[in-house]
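Dear colleague,

I am passing on to you the structure we spoke about, together with some notes on what was found in it. Please have the sequence and the model open while you read.

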Amino acid sequence: MPAFRSLDDVALEGRKVLLRVDLNVPIENGVVRDATRIERVVPTIRELCDKGASVILLAHFDRPKGKVVPEMSLAPVAPALSQALGKQVRFVFTDWQDTKAEEAASALKPGDVILLENTRFAAGEETNDAALAEKMAKLGDLFVNDAFSAAHRAHASTEGVAHHVEAVAGRAMQAELKALAAALETPKRPVLAVVGGAKISTKLDLLGNLTAKVDVLVIGGGMANTFLAAQGVKVGKSLCENDLLDTAREIMANAAAKGCKIMLPSDVVLAKQFKAGAESRLADAHDVGADEMILDAGPNSRAAVKAALDQAATLVWNGPFGAFEIPPFDAATNDVARYAATRTKLGKLISIAGGGDTVAALNQAGAAESFTYVSTAGGAFLEWLEGKALPGVTALYV
Ligand code: AMP
């Protein structure tokens with residue numbers, strides 16, 4: 001990863017900082033239901049204020065598609081943010097065509113914090129319109145991006161603005177980039193990746209990138225069925241992408257050519273119904289009945305992954321081992337997640353996870369807290385695992 005600058009590299013005293021954050025939080029009846037994302041940006045705001053800057057918060061909410069949609073206003077977020085920060089955050093409505101943002105920004109004093117209305121109310125936000133980016137940039141004299149989760153989009157407030165004003169990474173962005181570099185760019189080897197979840201069709205680029213970068217690739221979840229089928233295993237009624245058997249074979253051949261060991265389940269948990277508490281049985285992966293579905297990995301498979309984790313220095317994890325939402329098919333995900341958490345606590349493993357359902361699965365296992373880093377970024381985390389450049393990050397490179 002090329003170098004990027006952070007708050008450590010710029011003077012902050014007396015500056016007006018445009019701080020891009022992710023405040024796309026769940027709101028019900030005008031009240032914030034989960035403040036996790038709000039809490040993540042508090043340290044950067046606090047540091048900026050403590051160092052004598054004023055802060056203009058830029059954030060999107062939902063998908064108003066370039067129009068003012070009152071139900072998608074960021075107004076309800078300001079009180080929750082004020083509470084988390086312990087100081088008042090003033091909400092400033094703007095339709096991004098008026099001059100309300102300019103007026104509010106010009107009146108700022110050191111330590112003041114304002115939150116501007118949803119950037120996606122502006123027609124030019126998602127098209128990365130240069131005039132809008134310039135209008136945003138002129139509100140302040142330093143752009144700080146703390147929204148890794150929005151960095152895979154080249155929007156005016158994530159990418160365009162950085163071309164018109166000095167741009168650096170905020171603390172949350174910095175932590176995310178550090179964790180990602182530790183996982184795949186300059187990792188401690190051996191690196192083991194777990195890729196699970198439903199289908200390989202949504203993770204082809206990700207699998208392609210990982211086979212080139214990691215030493216061991218553990219494939220779990222529904223997608224393992226497609227790989228088993230590609231090896232001639234009969235998978236009954238299991239979720240399986242029969243049109244991608246050749247693709248699965250190609251991925252295995254590429255992995256072999258790159259020296260990446262692929263691990264598939266050797267034993268599996270089978271059921272005839274996809275529902276909680278469904279009658280299930282344990283079987284060899286080669287012994288799946290025509291009317292049965294593979295819904296989780298079995299104890300031998302789990303033991304093999306845990307033994308591989310004993311040899312690994314770094315773990316990158318995306319996707320569950322089984323249908324983790326419906327017990328008992330959460331067993332393998334819970335077991336391996338807890339083992340990885342223990343290895344991490346012992347200082348033996350650097351563990352980085354994220355994307356889609358992974359955060360929910362690790363939370364459910366009670367393992368997330370002990371992982372080195374769990375990314376809540378979703379799409380941006382997956383695109384990074386795919387090896388793609390993220391425009392919002394690239395814009396910060398020096
Ligand atoms: P993804 O969004 O691709 O990470 O997939 C997550 C989903 O895959 C979860 O909802 C799991 O229930 C589902 N899943 C994992 N393993 C299986 C399986 N063996 N059969 C069906 N669904 C599965």
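Six residues of domain 1 touch nine residues of domain 2, and please keep in mind throughout that this is a predicted model. The domain assignment places domain 1 at residues 7-172 and domain 2 at residues 187-385, and the centres of domain 1 and domain 2, taken over their C-alpha atoms, are 37 Å apart.

Across the interface of domain 1 and domain 2 the rule finds zero salt bridges, while one residue pair is found in polar contact, with both residues at pLDDT 80 or more. The residues with which domain 1 touches domain 2 divide into two nonpolar, two polar and two charged.

The other part of these notes concerns the ligand. There are 14 residues around the ligand, and those that come nearest are Ala198, Gly222, Ile294, Gly322 and Glu325. A polar backbone atom of Gly222 is 3.1 Å from a nitrogen atom of the ligand, and a polar backbone atom of Ile294 is 2.9 Å from a nitrogen atom of the ligand. In the case of Glu325, an N or O atom of the side chain is 2.5 Å from an oxygen atom of the ligand. Taken alone, the ligand exposes 500 Å², and the protein buries 82% of that area.

Key. Residues numbered from 1 in each chain as written. Predicted model: local features only at pLDDT ≥ 70, side-chain atom pairs only at ≥ 80, totals over all residues. Heavy atoms only, no water. Domains from an automatic or database assignment. Contact = heavy atoms within 4.5 Å. Salt bridge = Lys/Arg side-chain N within 4 Å of Asp/Glu carboxyl O. Polar contact = N/O pair within 3.5 Å; in protein donor to acceptor, adjacent residues only side chain to side chain. Nonpolar A, V, L, I, M, F, W, Y, C, P; charged D, E, K, R; others polar. Near = heavy atom within 4 Å. Areas by Shrake-Rupley, 256 points an atom, 1.4 Å probe, with all protein chains shown as cover.
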